[in-house]
Amino acid sequence: MADRLRRIGVLTGGGDCPGLNAVLRAIVKTAAFDHGIDVVGIEDGYAGLIQDRMRPLEPSDVGGILARGGTILGSSNRDNPFRVPVDGEGDPAYRDRSTQCLKNASRHGLDLLIVIGGDGSLSIANDLKGRGLPIIGVPKTIDNDLAATDLTFGFDSALEVATEAVDRLHTTAMSHHRVMVLEVMGRYAGWIALEAGIAGGGDVILIPEIPFELPHVAAAIRERWFRGRTFAIVVGAEGAAPVGGDRVVASTVADSTDPIRLGGIGTWLADQLGKHLDMETRATVLGHLQRGGVPTAFDRILGTRYGVHAVQAAVAGERDVMVCLRGRNIETAPLEEAVRELRRVDPQGALVNAARSVGTSFGDRAPR
Ligand code: F6P
């Protein structure tokens, strides 16, 4: 058993997603009710640690937030203690402010820090570890791309939104005999596109893990027409790319931990397919709608279990680990294992094979 914990800090980093407040609520209540530990909330992710913006979080502060989207603490997917921009002439200059962050944490009496984040925030946490502030990570992201866990919270809620979008697009696709392309998020992993495509019965699913060829995509749609199915739904992950081609980049965010913002594949695909096929095509970009709104029941429960376990692991003396879901159990894994590589879709895996068996094209081979 490690030294008794008196006060722990918590921050929510990276893109917001449904379920963050459920985790915060669970951390604050478990710490206070079961262990008599104080919790300090750090505002706007690592920005609050750098700028020393923290506030106590009492159980009364987290009442009524279980079903609320976003995060009551605020978040940031730009701020990195190891690379803080400083004002200067010409090109921006950067400073390592990690020591200052640790001093800020110590001034507030923090014995441990819980970082609720995706691979960017947890990679920073991994770099901060071993310097006197023990860390427990909680896996958050709609992208579901963190290693060492079967699921991140937030993914299920995003999947629900994306699936509903596929369902809704069927209406116009069928009525107007159109090809409707839906672009979904996910960065370099195709989990949202794959699972929403399967759940919504998409005809073509394009994911980063399986480079596609436009002629194959067009042939799959044309073949549907020959069978009398005069519409098609294409679900494209923002990170999907043609064989030998590049991903479509929407913008770059200079100071971000991951500066590349993907986006634009949907419009590009609709345009290209319009040229390959004599059919009307339209693109819909789901964007941040996937991160908004109330968490699903599944994410509320998973978030609660993660938050409770993070505090229990801390009290039990675990350090520099991430809570994770393995099968039906919540466990812990070393932080470095969680950030070593992204967890991506297995192109030969059971989910892809199941989709192929029901006739879904991934645009990588000619239709059967
Ligand atoms: O990581 C979550 C995510 O929503 C990705 O799916 C997406 O590529 C990215 O964040 C968008 O970032 P931003 O909110 O900065 O536009």
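Modeller: Buried means under 20% relative accessible area, exposed over 50%, and partly exposed in between, with a 1.4 Å probe and protein chains only. This is a predicted model, in which local features need pLDDT of at least 70, side-chain atom pairs count only at pLDDT 80 or more, and totals for chains, interfaces and linings use all residues. Residues are numbered from 1 along each chain as its sequence is written, and side-chain values use heavy atoms, with hydrogens and water left out.

Colleague: Why does C101 count as buried?

Modeller: Its relative accessibility is 1%, and the cut-off is under 20%, so C101 is buried.

Colleague: Why is T360 called buried, and what does it touch?

Modeller: T360 is at 11% relative accessibility, so it counts as buried. Contact means heavy atoms within 4.5 Å. Leaving out residues up to four places away in sequence, T360 touches G202, D203, V204, I205 and A355. Its place is in the segment after helix 11 (350-357); helices (H or I, at least four residues) and strands (E, at least two) are DSSP runs, numbered from the N terminus.

Colleague: What makes strand 9 an edge strand?

Modeller: Two strands pair if DSSP finds at least two bridges between them. The open sheet of 4 strands has the order 9-10-8-13, with parallel pairing. Strand 9 (204-206) and strand 13 (281-285) are the edge strands, as each pairs on one side only. From one strand to the next, the twist averages 15°.

Colleague: How do you know that strand 9 and strand 10 pair?

Modeller: There are 3 bridges between strand 9 and strand 10 (residues 232-237), which run parallel, and pairing asks for at least two. L206 has G236 in strand 10 as its bridge partner.

Colleague: Which helices lie across strand 9, and at what angles do they run?

Modeller: Axes are lines fitted to C-alpha atoms, for helices over the stretch in contact, and angles run from 0 to 180 degrees between N-to-C directions. Helix 6 (residues 191-200) lies across strand 8 (179-184), strand 9 and strand 10, at about 170° to strand 9. Helix 8 (residues 265-276) lies across strand 8, strand 9, strand 10 and strand 13, at about 160° to strand 8.

Colleague: Why is strand 1 called largely enclosed?

Modeller: In strand 1 (residues 7-12), 5 of the 6 residues are buried, so the rest of the structure largely encloses it. Strand 1 pairs in the parallel sense with strand 2 (residues 38-42) over 4 bridges, and 5 bridges join strand 1 to strand 6 (residues 112-117), also parallel.

Colleague: What makes the unit of strand 1, helix 1 and strand 2 right-handed?

Modeller: A crossover is right-handed if, with the strands pointing away from the viewer, the path from the first strand over the helix to the second runs clockwise. Strand 1, helix 1 (residues 20-35) and strand 2 make a right-handed β-α-β unit.

Colleague: How do you know that the span of helix 1 is close to the expected one?

Modeller: The expected span is 1.5 Å times one less than the number of residues. Helix 1 has 16 residues and reaches 22 Å from first C-alpha to last, close to the expected 22 Å.
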